[in-house]
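The stops below are in the order in which to select them.

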Amino acid sequence: VLFVVAVDGLFAILVHDFPRLFIKDYATKTKYYNAEHFPFKTYKWERGFYESIRIRVWKDLLPAKMGMDKTQIEHKDDLAYLDMFLIESCRAETMHLLSSVFGFCVILLFPIKYLFMISLPVAIVNFVMQILPVMVQRYTRPKLLVLRKRQMLKRVMEQKTQDQMQA
């Protein structure tokens with residue numbers, strides 16, 4: 001059982017670090033992580049689903065290891081910070097989705113006699129544990145987009161005020 005968990009963990013590490021190791025300038029390739037476009041756009045029907053499973057109640061109970069610290073959201077006036085937070089949210093979603101799928105590869109590593117006893121249960125638990133953070137990312141991202149839009153409007157209004165005072 002420990003070996004299965006170790007192999008599953010190895011897959012998770014590979015999925016997480018593969019892009020950083022093999023894609024040149026991965027950190028700067030943010031064009032792939034646009035929170036307002038497919039596949040990262042959250043749709044209206046999702047909101048109802050997340051509310052029906054009471055995600056607001058349990059989302060903070062999940063362990064969080066984001067590249068950005070969610071407790072720093074107090075910097076909500078910093079537009080650059082919000083942009084980076086949104087990008088990191090998309091990256092986290094990608095990593096968790098890939099980990100959830102690749103977790104089933106553990107089934108291929110063991111004899112079929114261990115399928116129902118070890119491999120499949122570990123793969124299913126991994127899938128659930130990886131999908132929960134994806135749901136939290138998709139639930140939270142629209143709120144961050146609204147916050148970002150408000151900050152952009154605030155900056156535009158401040159700029160207009162400054163322009164009127166200078167004229």
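**Before selecting anything**

This is a predicted model, in which local features need pLDDT of at least 70 and side-chain atom pairs count only at pLDDT 80 or more, while totals for chains, interfaces and linings use all residues. Residues are numbered from 1 along each chain as its sequence is written, and side-chain values use heavy atoms, with hydrogens and water left out.

**Whole chain**

Colour by secondary structure. The protein has five helices and zero strands, in the order α-α-α-α-α from the N terminus. Helices (H or I, at least four residues) and strands (E, at least two) are DSSP runs, numbered from the N terminus.

Switch to a surface. The accessible surface comes to about 11,600 Å², and 67% of that belongs to carbon and sulfur atoms; areas come from the Shrake-Rupley method with a 1.4 Å probe, and for residues only the protein chains shown count as cover. Of the 167 residues, 32% count as buried. Buried means under 20% relative accessible area, exposed over 50%, and partly exposed in between (1.4 Å probe, protein chains only).

Among contacts between residues at least 6 apart in sequence, 74% join residues at least 24 apart; a contact means heavy atoms within 4.5 Å.

**The loop between α1 and α2**

Select Phe 38 and Pro 39. A cis peptide bond joins them, with omega about 5°. Pro 39 sits in the loop between α1 (2–22) and α2.

**The loop between α2 and α3**

Select Arg 54, which lies in the loop between α2 and α3 (55–58). Phi of Arg 54 is near 55°, a positive value in a residue other than glycine. The residue is exposed, with a relative accessible area of 54%.

Select Val 136, found in helix α5. Is Val 136 buried or exposed? Val 136 counts as buried because its relative accessible area is 15%. Show its neighbours: leaving out residues up to four places away in sequence, Val 136 touches Ile 55, Trp 58, Lys 59 and Leu 62. Val 136 and Ile 55 are 81 residues apart along the chain, and their C-alpha atoms are separated by 7.3 Å.

Move to Leu 132, also in helix α5. Leu 132 is partly exposed, at 21% relative accessible area. With the exclusion of residues up to four places away, Leu 132 touches Trp 58 and Leu 62.

Which helix gives the most to the lining? Helix α5 does, with nine residues. Both α2 (44–52) and α5 (115–166) supply at least two.

Colour the lining by class: eight nonpolar, one polar and eight charged. Ala, Val, Leu, Ile, Met, Phe, Trp, Tyr, Cys and Pro count as nonpolar, Asp, Glu, Lys and Arg as charged, and the others, Gly among them, as polar.
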